[in-house]
Amino acid sequence: MILKGRVRRLSVNDNINTDYVISGRYKFKIQDPKELAKHIFEDIAEDFSSKIKKGDFIVAGDNFGCGSSREQAPMAIKAAGVGAVIAKGFARIFYRNSFNIGLPLLECDTDSMSEGDSLEVNIEKGIIINKTQNVELHIKSIPYVMRKLLKDDGVIEHFKKHGGFKFET
Amino acid sequence: MGKGKTIAEKILSSHAKKDVRAGDIAICDVDFCLGQDGTSSIIIDSFRKLKAKRAFNKKKFSMIIDHSAPSPNLGVSAIHRKMRAFAKEIGVGLYDIGEGVCHQLVPEEGKVVCGDLVLGADSHTCTYGAINVLSTGVGSTDLAITVASGKNWFLVPETIKVVIDGRIPKGVYSKDIILHIINAFGADGCTYKSVEFTGKTIKELSVDARFTISNMAVEMGAKCGLMEADKKALDWVRRHSKRRPRPVSADKDARYAKVRRFDISRLAPQVAHPHTVDNVTDIQGAKNIKIDQAYLGTCTNGRLQDLRIAGKVLRKRKINKDVKFIVAPASKKIFLEAVKEGLITQLVNCGCTVLSPGCGPCVGTHCGVPADNEVVISTANRNFKGRMGNPKSFIYLASPATVAASALEGKIADPRKYL
């Protein structure tokens, strides 16, 4: 899978929690992911959602997605058209939730990436090419289970297709 | 390197019906699962997408309406109605408005016992680690799969052992201890790890106080925050559940990723400053910060013991005239017990506003949304920007005693002089 898009950075780098992704003000009353998508990152970056182009990458530091288990967080990111989240590390519930719904998360050293950089991501090869800076970066390999879930288009399709979990190689 | 097993390895092995170790993937049978009103709507949608028709076991799944209860708006009302209809349709338990916070209700109602494996569509599901339950938070779709099949997959976590020793100083509570530990590890210091809390101090604590510690394990990224079941824990579980507890201890030669020791004998009351839970100082570093609101409640500190501590600090004094002090007992049982003890009368006479049992203003949908630039001191577990509904407000976290003392003075205050 090859993904192309721009780097989008936020005012906060580390520990971006799921409250910041989608505030409780919205997630408790709105069920439509497209409506939720209009409010992502609102508390830390005003108007962020209106400036997202399809395929953009959210880029951050350590522990992205910590805090609340709300699946609305990856759902709203995906519904906003974001191609993948690239960070130095992810919190565990957000990590599962994202692959469960088919949003790829890529672990990589993100320090060199700047707002607006143009990236080309090759998930199979585990490589990110920063075309703006002409640099190649390596993605930490995605665990087998997660690759399997991505390939099956999320955990629901995986579960239906195999009549349960099927992770044996 | 030891050959023994940690608590997490043992519980996951017994539920996978095979021997698993840290790093393995295990498909396990789950003993109980739950959702709340912030997550159940997607649980229901995912359950439908799975084309499931029934719960794997009607007694092993409950939904709790606690996060925005009673409903503050039409959107939430629609979600509550959807939950009620779904519970009827598939015949599972539903705890409606006013029953309490999920993480108080689940153990209090005897749904979980020592040795269980539990999933909840709520990140603070790790609370039941205090009674030797491997419980952890997942998203709604993961939960829906468990509702339909009784199973889920687990990465067997490595374990960090946290040994807490020392006599607890006056005015210091389990909330102060866990804030101190989170400060030491940082918000991602235990990501994807199981934490075993052990040591003499844990044994001294009541089960109520232990829940506070396990509850906040997720604030340093942990999958679960487990404690061994001593007599106190077993008695507590037997008082609340008819099911047989199956206590699980770590082997002496179990393999730990890290062992960290804390001596809390000289610990002062702790305060987490905005906007992260690991931004902690002693009370001295927060003293005299003017507050507009105080909040006592939540799955962290809304238990009977917490209300009693606040009552002890307040006595018959009036809270500061510029402070709104909101109190929400964590369950109906706690509420009624507090009524019986005269605590509710006392708190109301001091100037507190008492809400019906539930999550109250913790998640920012109702019942105490702060205005711009307002400062809140709360017994909750999160102080993220916007958490209580306004990104322009500031949230400090502390123990019930510190929150009550601060409400009296109108500024963040050391509770020790009131005790």
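The area buried between chain B and chain A in this predicted model is about 3,800 Å², 60% of it given by carbon and sulfur atoms, where buried area is the accessible area (1.4 Å probe) that two parts lose on being put together, summed over both. The contact (heavy atoms within 4.5 Å) involves 51 residues of chain B and 38 residues of chain A. Two salt bridges, written 2 by the rule, cross this interface, a salt bridge being a side-chain nitrogen of Lys or Arg within 4 Å of a carboxyl oxygen of Asp or Glu; B:Asp142 forms one with A:Arg96, with the closest N and O atoms 2.9 Å apart.

Chain B itself is divided into domain 1 (7-261) and domain 2 (272-418), with bounds that come from an automatic or database domain assignment, and the C-alpha centres of these domains lie 24 Å apart. Their contact takes 37 residues from domain 1 of chain B and 36 residues from domain 2 of chain B. Between the two domains about 3,000 Å² is buried, with 55% coming from carbon and sulfur atoms; on the side of domain 1, B:Val101, B:Tyr173 and B:Lys175 lose the most area to domain 2, together 18% of what that side buries. The rule finds 3 salt bridges across this domain interface, and B:Glu109 forms a salt bridge with B:Lys333, the closest N and O atoms being 3.9 Å apart.

Residues are numbered from 1 along each chain as its sequence is written, and chains are lettered from A and ligands numbered from 1 in the order in which they are written. Local features need pLDDT of at least 70 and side-chain atom pairs count only at pLDDT 80 or more, whereas totals for chains, interfaces and linings use all residues, and side-chain values use heavy atoms, with hydrogens and water left out.
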